[in-house]
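Biologist: Please take a close look at one part of this model, ring contacts first and then the packing around a helix. Give the cut-offs as you go.

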Amino acid sequence: MIQFSKVNKWYGEYHALVNINAEIAKGEVVVVCGPSGSGKSTLIRTVNRLEEIQEGVIKLDQQDVHAPKLDLNKFRSRVGFVFQQFNLFPHLSVLDNICLAPVKVNLMSKRAAVDKAMALLDRVGLAHKSAAYPQQLSGGQQQRVAIARALAMDPPVMLFDEPTSALDPEMVGEVLSVMKDLARDGMTMACVTHEMNFAREVADRVWFMDQGEVLEDSSPTKFFSRPTHPRAQTFLSDICSH
């Protein structure tokens with residue numbers, strides 16, 4: 001579903017992504033972890049061209065993401081993206097936040113969009129908040145709305161960029177629970193996260209990154225019990241010591 005081939009990215013002199021070669025199969029959940037500044041968010045943001053690359057090829061469902069003539073808006077409508085900071089429209093209700101893209105981009109009727117939005121809100125446990133505005137919701141509720149909004153476009157892929165890092169600890173679980181349900185339903189997911197228990201329970205594979213490279217690509221069982229790269233071993237021992 002997602003394929004990185006010899007992907008390189010620089011910010012000026014800084015080599016942010018170094019010769020990335022990796023794949024995510026359809027229906028697979030991959031957790032990308034590593035220290036801050038290792039290139040995790042940059043990597044995931046290249047998949048829907050929030051970040052451009054200078055070398056290599058990224059394909060999503062066989063489509064070249066960085067092709068010069070790509071219809072970017074049409075392409076992005078097929079890639080669900082959940083941000084660290086929610087990015088809901090503050091002047092729109094929860095229901096209108098979710099209905100906006102299906103109506104404007106997919107030309108869905110307002111009635112069909114509302115029905116779909118209510119079903120998605122029910123799925124994330126927030127049907128009773130459809131008339132509320134983002135500022136009236138907790139952080140965890142806002143992030144669940146953001147997930148429902150992304151799902152409203154029926155994307156074949158969901159990307160999560162540290163979706164729980166801006167949340168109070170007691171709200172983290174409610175967002176991870178929704179993500180676990182998506183994984184159980186077979187959604188293809190790439191998740192940048194520091195939630196190691198989520199990686200252990202839900203991921204099919206864990207990618208460990210440092211200094212712009214994927215240093216480890218293995219099953220959660222192997223990664224957490226027998227990481228092969230010394231940098232991954234240090235990373236995990238530091239986490240365990242905390």
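Modeller: Lys 9 lies over the face of Tyr 11, at 4.5 Å from the ring centre (a charge sits over a ring if NZ of Lys or CZ of Arg is within 6 Å of the ring centre and within 35 degrees of the ring normal). This is a predicted model, in which local features need pLDDT of at least 70 and side-chain atom pairs count only at pLDDT 80 or more, while totals for chains, interfaces and linings use all residues. Residues are numbered from 1 along each chain as its sequence is written, and side-chain values use heavy atoms, with hydrogens and water left out.

Arg 200 also has its charged end over a ring, that of Phe 224, 4.4 Å from the centre. Phe 224 belongs to a cluster that ring pairs build with Phe 208, Phe 223 and Phe 235. Searching the whole structure gives five aromatic pairs (rings of Phe, Tyr and Trp, the latter by its six-membered ring, with centres within 6.5 Å; planes under 30 degrees apart are stacked, over 60 edge-to-face, the rest tilted). Phe 81 and Phe 83 have ring centres 4.6 Å apart and planes at 45 degrees, so this pair is tilted. Phe 81 is buried at a relative accessible area of 10%, whereas Phe 83 is partly exposed at 21% (buried is under 20%, exposed over 50%, partly exposed in between, with a 1.4 Å probe and protein chains only).

Now the helix. Helix α6 covers residues 169-184, 16 residues in total, and reaches 24 Å from its first C-alpha to its last, close to the 22 Å expected at 1.5 Å a residue (1.5 Å times one less than the number of residues). Helices (H or I, at least four residues) and strands (E, at least two) are DSSP runs numbered from the N terminus. The buried residues of α6 are Met 171, Val 172, Val 175, Leu 176, Val 178, Met 179, Leu 182 and Ala 183. Viewed down the helix axis, the buried residues of α6 fall within an arc of 155 degrees, so they line one face; the arc is that of the directions from the axis to the C-beta atoms. Glu 170 and Arg 184, on the other side of α6, are exposed.

The cover over the buried residues of α6 includes strands β3 (29-33), β7 (157-161) and β8 (188-192). Helices α4 (110-123), α5 (139-151) and α7 (196-202) are also among the covering elements; contact means heavy atoms within 4.5 Å. Just after α6, Gly 186 has a positive phi of about 90 degrees.
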